[in-house]
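Take a look at the structure below.

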Amino acid sequence: MTDRIPDTLLLQLSEFVADRIGLDFPKKRWDDLECKIYPAAKEFGFKDAQSCARWLLSSPLTKSQIEILASHLTVGETYFFRQNKSFEVLEKHILPELIHSRRGTEQRLRIWSVGCSTGEEAYSIAILLSKLIPDCKDWNITILATDINPHFLRKASEGVYGDWSFRDTPQWVKERYFKERDDGLLEIIPHIKEMVTFSYHNLAEDTYPSLLNNTNAMDIIFCCNVLMYFTPGHAKKVIDNLNHSLVDDGWLIVSPSEASHVLFSQFTTVDFPGAILYRKDGNVPHTVEFLQVRPDKEANVSLQTPAEFTTEIKPEVTFPGEHKETLPKRPEPSISPAIEEQKTAGSHNPYAEAWALYQQGRYAEAADRILKRIADDQKDPKAAHLLARAYANQGRLTEALEWCEKAIAADKLNSGLHYLRSAILQEQGLIDDAVIPLKQALYLDQDFVLAHFALGDLAMRQGRRRESNKHFKNALLLLRSYDHEDILPESEGITAGRLSDIIASITGEEGSV
């Protein structure tokens, strides 16, 4: 390589990559970083790596450009039933316990494969569940598989593999769950393929846990050979967020090389033969830390109905038998009710304490605190709303739905409550039922971006492409009234730019924010 990148530029580039993607390229890995930039430069249309590096540092990048960069910086080395000792523990101990406890009640399991690469790990999980649960079709099973590399995700979605993906894999896996194609490659059978949902997710930038991207209330999270590539600061942040994404007593599985008592101190370490796993302990005591919110950010954390937009764009919203009637908008409080109460009622207000705990991902504690508030006022819709969210993020969906409906009964014009009810119904697998509250939310607020997005997503899953495109188009039109970094109402941290990117990845069109 004659076109060497100067060390000063490599330092800036390594800091940029750490900030935007979370990947760690310390000085000892600068040669590796430089080597990876050369093919990226060619894909970006540059003749030399140095010019590409300077452009990366000086230009705001779109999601697709970040994806291209990530595809050159990440490694996709994996195979079926890798970490075989962890899978043995899963098969013999963890899953039998979970299946037994859920059978006959809420037959529901949620598993997340983080950094799924080309999909072998996620499909291995699906194969194992199919083997252990003969009546799989009667269960509500979620296997979410995410990665930052779009090339890996496309290959994973195809479900086609060569022999190298089956090294050290039992022969029965290929015989029972794959069919050989004319070109000699093996394709996973449709039943297993349909069990897995692949999605783009940036651990360094995206919000999680979140109902919007389905990263909440997980029973098991696989995060193998991912954390080793992150900076220490990003690794700690990722672990904290994954901890919040798990239900109490949920399991985090990492590779043996990533095991650390210090790094995973908030978990209970469980030693199995040949494997160390981490379990979330919901009984660990904590001290409440109140959320500090700057005045210019307070409106973004409101649990109330989204504020009216100032845009003149009016998307088309039509439902069967609908009257063209405009309801008066409910006034929007200028700051979060939790923050207002904290200011006026002192630091020992149960709602303010619950809100602070909720913001920290401590959902069980938040629920306990808010129940104290409800004991004093059984018809407080704001408290019931927060309690419903806290229960939903713990996977306690029956209770979440019950409190959400109580909140709606007390505050029928709150579009955010109808949106939350739909999200809970979706997690229960009641897709048809989930459509109704979304339409009610849009009847109350035609400018509710997330409701348009959710209806588009549901319509796409049900094969109604035209209706899906209409709602996605409406969402993109409304997103134009936001700045890229604005946090969307009811999104729990999802920005307008990120939602625009998500829609673009679904529809194959560039977003509008």
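K36 counts as buried, because its relative accessibility is 16% and the cut-off for buried is under 20%. This is a predicted model. K36 sits in helix α2, which covers residues 30-44. Set aside the neighbours within four places in sequence, and K36 is in contact with F25, H72 and L73.

Now move to helix α10, residues 232-245, where S245 has its place. Is S245 buried or exposed? S245 counts as buried, because its relative accessibility is 0%. Its contacts, leaving aside neighbours within four places in sequence, are W112, Y208, P209, T215, N216, A217, M218 and I221.

K236 also lies in helix α10. In sequence, K236 and L263 are 27 residues apart. In space, their C-alpha atoms are 6.9 Å apart.

**The whole chain**

The protein chain has 513 residues, and 54% of them count as buried. It contains 20 helices and ten strands. Consider the contacts with a separation of 6 or more: residues 24 or more positions apart account for 71% of them.

**The cores**

In soluble globular proteins, nonpolar side chains tend to be buried together. Here, the largest nonpolar core has 72 residues. Which residues have the most contacts inside it? They are L129, F178 and I220.

Not counting residues up to four places away in sequence, F178 touches F80, I127, Y161, F166, V173, L186, E187, I188 and I189. There is also a second, separate core, with 56 residues. Among its members are A354, A441, A451 and L458.

**Two helix pairs**

Two packed helices are described by the angle between their axes and the distance between the axes.

Begin with helix α5, residues 84-102, and helix α6, residues 120-132. Their axes come within 11 Å and cross at roughly 55°. That angle is why α5 is oblique to α6. The crossing of α5 and α6 is right-handed. From α5, the contact draws on F87, L90, E91, L95 and I99. From α6 come E121, S124, I125, L128, L129, K131 and L132. By type, the residues of this contact are eight nonpolar, one polar and three charged.

What is the handedness of the crossing of α19 and α20? That crossing is left-handed. On the α19 side, R465, F472, A475, L476 and L479 make the contact. On the α20 side, the residues are A496, L499, S500, I503, I506 and T507. The residues of the contact of α19 with α20 divide into eight nonpolar, two polar and one charged.

How values were computed. Residues numbered from 1 in each chain as written. Predicted model: local features only at pLDDT ≥ 70, side-chain atom pairs only at ≥ 80, totals over all residues. Heavy atoms only, no water. Core = buried A, V, L, I, M, F, W, Y, C linked by side-chain atoms within 4.5 Å. Buried < 20%, exposed > 50% of the residue type's maximum accessible area, 1.4 Å probe, protein only. Contact = heavy atoms within 4.5 Å. Left-handed = near helix turned anticlockwise from the far one by under 90°. Helix = DSSP H or I, 4+ residues; strand = E, 2+ residues; numbered from the N terminus. Nonpolar A, V, L, I, M, F, W, Y, C, P; charged D, E, K, R; others polar. Axes fitted to C-alpha atoms, helices over the stretch in contact; angles between N-to-C directions. Parallel < 35°, antiparallel > 145°, perpendicular 65-115°, else oblique.
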